[in-house]
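User: Hey, can you walk me through this one? I'd like to go from pockets to the core and then the rings.

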Amino acid sequence: MKIYTGRGDHGNTNLIGGQTVRKTDVRVDAYGSIDELNAQVGLLASLVDEEKTVSRNIIKESLSRIQHNLFDIGSILADKGNKLGMQFDLSEIQTIEQEIDELTEKVSEINYFILPGGAKQASQAHIARTVTRRVERTVLKLNEKEPVAEPPLIYLNRLSDYFFVLARYLNKLAEKEEVYYTKTGKVFHNDERPKRKDEK
């Protein structure tokens, strides 16, 4: 079986179900951006794999699950009209929220914006965070044109938060100091920190 077909040489592609659209279509941009993000997460997983820490396997399992979730979301976006009836698992939103809370407990509180950098795996987590933000914006543009189910939108919003706190944790594991942007003064205050679900 040949990888190339030639069908897309003139700027067209097919959605799930066979509908032909332009490659510049916002829907194609949306699920293509999901694919790009998935590749960035794969790179992050390979960098984490180089680390010899007790947390390596736990993080890799989380990243693997995220990659599967992203593929699910990409498939949902590529299926205009939801012909296959795919639904995003709501429990995945709860899972990633729990992981964000757990990672937050393992890093110090912050008062300033953090500049991306530090260990290479932490830097890659920041790249994944920023790509996630762009993906979210792209999917929201699609949602303005053609409604997108709410769970994938919520998940993408949580995912950027996950990569932010994961980057901080990876720098902690690598014993790399974070670089703070202090020109604007303190922007986060302990009394403004969102409460966890187990707090009053």
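User: Which residues lie nearest the centre of the second largest pocket?

Analyst: Just so you know, this is a predicted model. Nearest the centre of that pocket are Ile76, Asn82, Pro147, Val148 and Ala149, out of 15 residues in the lining. H2 and H5 are the elements that give two or more residues to it.

User: What's the volume of that pocket?

Analyst: About 200 Å³. Its lining has nine nonpolar, three polar and three charged residues.

User: OK, new topic. Which residues touch the most other members in the largest nonpolar core?

Analyst: Those are Leu63, Ile66, Leu77, Leu159, Tyr162, Phe163 and Leu166, in a core of 44 residues. Helices H1, H2, H3, H4 and H5 each supply at least two residues, and the largest share, 11 residues, comes from H5.

User: What is isoleucine 66 in contact with, leaving aside neighbours within four places in sequence?

Analyst: Val41, Tyr155, Leu159, Tyr162 and Phe163.

User: And how many aromatic pairs are there?

Analyst: Three in the whole structure. In one of them, phenylalanine 88 and tyrosine 155 have ring centres 5.0 Å apart and planes at 55°.

User: Why does that pair count as tilted?

Analyst: Because the 55° between the planes falls between the cut-offs, under 30 degrees for stacked and over 60 for edge-to-face. The two sit 67 residues apart, with phenylalanine 88 in the loop between H2 and H3 and tyrosine 155 in helix H5.

User: Is tyrosine 155 buried or exposed?

Analyst: Buried, at a relative accessible area of 1%. Phenylalanine 88 is buried too, at 8%.

Methods
Residues are numbered from 1 along each chain as its sequence is written. This is a predicted model: local features need pLDDT of at least 70, side-chain atom pairs count only at pLDDT 80 or more; totals for chains, interfaces and linings use all residues. Side-chain values use heavy atoms; hydrogens and water are left out. A nonpolar core is a set of buried Ala, Val, Leu, Ile, Met, Phe, Trp, Tyr and Cys residues joined through side-chain atoms within 4.5 Å. Buried means under 20% relative accessible area, exposed over 50%, partly exposed in between (1.4 Å probe, protein chains only). Helices (H or I, at least four residues) and strands (E, at least two) are DSSP runs, numbered from the N terminus. Contact means heavy atoms within 4.5 Å. On a 1 Å grid over the protein atoms alone, a cavity is a set of points where a 1.4 Å probe fits but cannot get out, and a pocket is an open set with protein on both sides within 12 Å along at least five of seven lines; lining residues have an atom within 4 Å of a point. Grid points are joined across faces, edges and corners, and a volume is the space filled by probe spheres set on the points. Ala, Val, Leu, Ile, Met, Phe, Trp, Tyr, Cys and Pro count as nonpolar, Asp, Glu, Lys and Arg as charged, and the others, Gly among them, as polar. Rings of Phe, Tyr and Trp (its six-membered ring) pair if their centres lie within 6.5 Å; planes under 30 degrees apart count as stacked, over 60 as edge-to-face and the rest as tilted.
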